[in-house]
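Please consult the sequence and the structure shown here.

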Amino acid sequence: RKALFASVVTEMKNLSFEDISLTNTSKTSGNYMGLILESTASIENVAFRRITINSGNYNYVGCIGSSNGPLKDIVAEDLTITAASGSYIAGVAGDQEQPVENLKVIGNTTTNPGKKDMTSSYTVTAGTSERVGGVFGYVATKLKNVEIEGICVTGGTYTGGMSGMIQWKNNDSEYRTTIKDSKIVSTQNNCGGISGRENDRSSEPGYFTVDQCYITARGYAAGILGHISQAWTRWYMVVKDSTIETTVGERAAGICPYDVGFRYCVVDHCTITAATNHAGGLGNGTLRYIMYNLVKGCTIKAKGNYAGGIVSNFTYGGNTQMGYNTVVDTTVTATGNYAGGLIGNSYGHNVFNNTVKNVEVQGNSYIGGIVGAAYGGIYQRNAVEASVMATNRIAGGAIGHGIGYYYVTSESSDMALQMKNNYIVADVSADEQASGLIGQFSLPDKTPTRADGTEVSEQQNYYPYMNGSFF
């Protein structure tokens with residue numbers, strides 16, 4: 001194992017590292033491999049250019065193995081990082097614990113940027129290694145003005161364009177990172193354009209942008225985050241002109257494939273494809289509010305069940321809300337069942353003031369302009385202009401299959417199906433059961449009950465009703 005510095009404990013400033021190659025010839029595993037093994041100091045105005053590191057089986061690999069000092073005004077160009085195994089493998093630092101400001105990461109020579117067959121002079125190639133990132137293996141700090149362009153990253157579980165894993169800090173509201181013209185590949189699961197995994201809860205804004213990138217994994221691929229540890233809201237995230245796909249498994253999403261909320265997010269002219277179930281414009285499930293988001297000009301396809309312009313599945317677990325979202329100029333397809341202009345499948349919840357315009361929704365059965373199947377829930381003041389087609393049966397301009405009420409575990413989750421003041425203009429077709437509003441309406445075969453076993457009475461307003469809608 002080689003390094004230029006075993007440790008840096010005082011300020012490093014105004015240096016350029018160029019045309020350096022390091023190879024770890026040891027067959028054993030260990031920690032820290034890089035030009036600098038460990039740093040606890042501030043590093044400022046430093047460039048890493050044309051650096052090659054072959055780390056073997058080590059963990060915490062990068063130009064800096066582990067950094068517990070701030071980074072400012074850093075440039076990383078044309079790096080080649082290769083690992084046989086290990087974890088926390090990246091270009092700049094395997095582990096970054098202190099604030100980062102003004103970091104530029106560049107692959108100067110590329111072919112077919114942002115495409116499946118892209119090549120680049122900046123590569124991080126780590127096979128099946130975990131927590132692999134183009135810049136950081138693990139980052140737990142504020143990120144300000146991190147710009148990434150023209151890189152190729154390949155790793156195992158938890159692979160991301162910026163980091164393998166990001167740890168939110170509750171007092172840090174700035175995570176401003178942009179990645180463009182890049183390719184991010186996980187040979188396993190959980191791949192994100194920004195990070196393969198997000199750890200700990202946070203409702204802090206993200207300010208992440210992914211522009212013209214190719215992002216893929218066996219399962220669980222997303223434009224921003226490949227995995228989250230807790231279901232909190234994600235803010236101010238943009239993915240545009242990108243391709244997101246899974247190769248053999250489920251869950252492809254514009255932002256995140258897990259149960260999270262979204263506010264002020266944009267997914268623009270992206271192709272999102274799940275090899276099996278669950279493709280969503282933003283996500284694949286949620287236990288949180290989904291508000292003020294835009295999905296525009298996208299092609300969203302599940303080669304199995306569950307596809308939605310916003311989410312493929314609006315998860316059970318409480319009375320959450322989806323409001324003021326827009327899906328426009330988009331195609332939503334489930335090769336199997338359950339496709340909707342907004343939601344593939346929904347359990348309860350309040351869905352209001354959303355717009356679906358110039359959208360094609362298609363699938364085998366249970367296809368709707370708003371939702372493929374609605375197990376209860378309140379749908380009010382939504383506007384739909386769409387083409388809705390079930391190649392088999394059950395299609396509705398608003399709802400494919402409407403079930404009269406839904407009950408989970410507590411009275412707060414009891415919710416009748418209610419349709420109020422919606423505007424539906426749809427061309428609806430199916431071999432059986434096509435309707436302007438709801439393709440098929442039914443009640444469950446039992447009266448809903450509370451957790452203590454008592455029945456919910458009609459007087460308590462848990463039975464369905466509709467009024468004021470135009471279709």
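Is Glu 250 buried, partly exposed or exposed? Glu 250 counts as partly exposed, at 25% relative accessibility; buried means under 20% relative accessible area, exposed over 50%, and partly exposed in between (1.4 Å probe, protein chains only). Its salt-bridge partner, Arg 251, counts as buried at 16%.

The model is predicted: local features need pLDDT of at least 70 and side-chain atom pairs pLDDT 80 or more, whereas totals for chains, interfaces and linings use all residues. Residues are numbered from 1 along each chain as its sequence is written, and side-chain values use heavy atoms, without hydrogens and water.

The structure holds nine salt bridges, each a side-chain nitrogen of Lys or Arg within 4 Å of a carboxyl oxygen of Asp or Glu.

| Salt bridge | Closest N to O |
|---|---|
| Arg 50 and Asp 19 | 2.7 Å |
| Arg 251 and Glu 250 | 3.4 Å |

Salt bridges that share partners join Glu 18, Asp 19, Arg 49, Arg 50 and Glu 77 into one network.

Ser 26 is found in the loop between strand S2 (12–23) and strand S3 (29–33); strands (E, at least two residues) are DSSP runs, numbered from the N terminus. The side chains of Ser 26 and Thr 28 are joined by a polar contact of 2.8 Å, a term for N or O atoms within 3.5 Å; within protein, one must be able to donate a hydrogen and the other to accept it, and residues adjacent in sequence count only if both atoms are side-chain atoms.

How values were computed. Helices (H or I, at least four residues) and strands (E, at least two) are DSSP runs, numbered from the N terminus.
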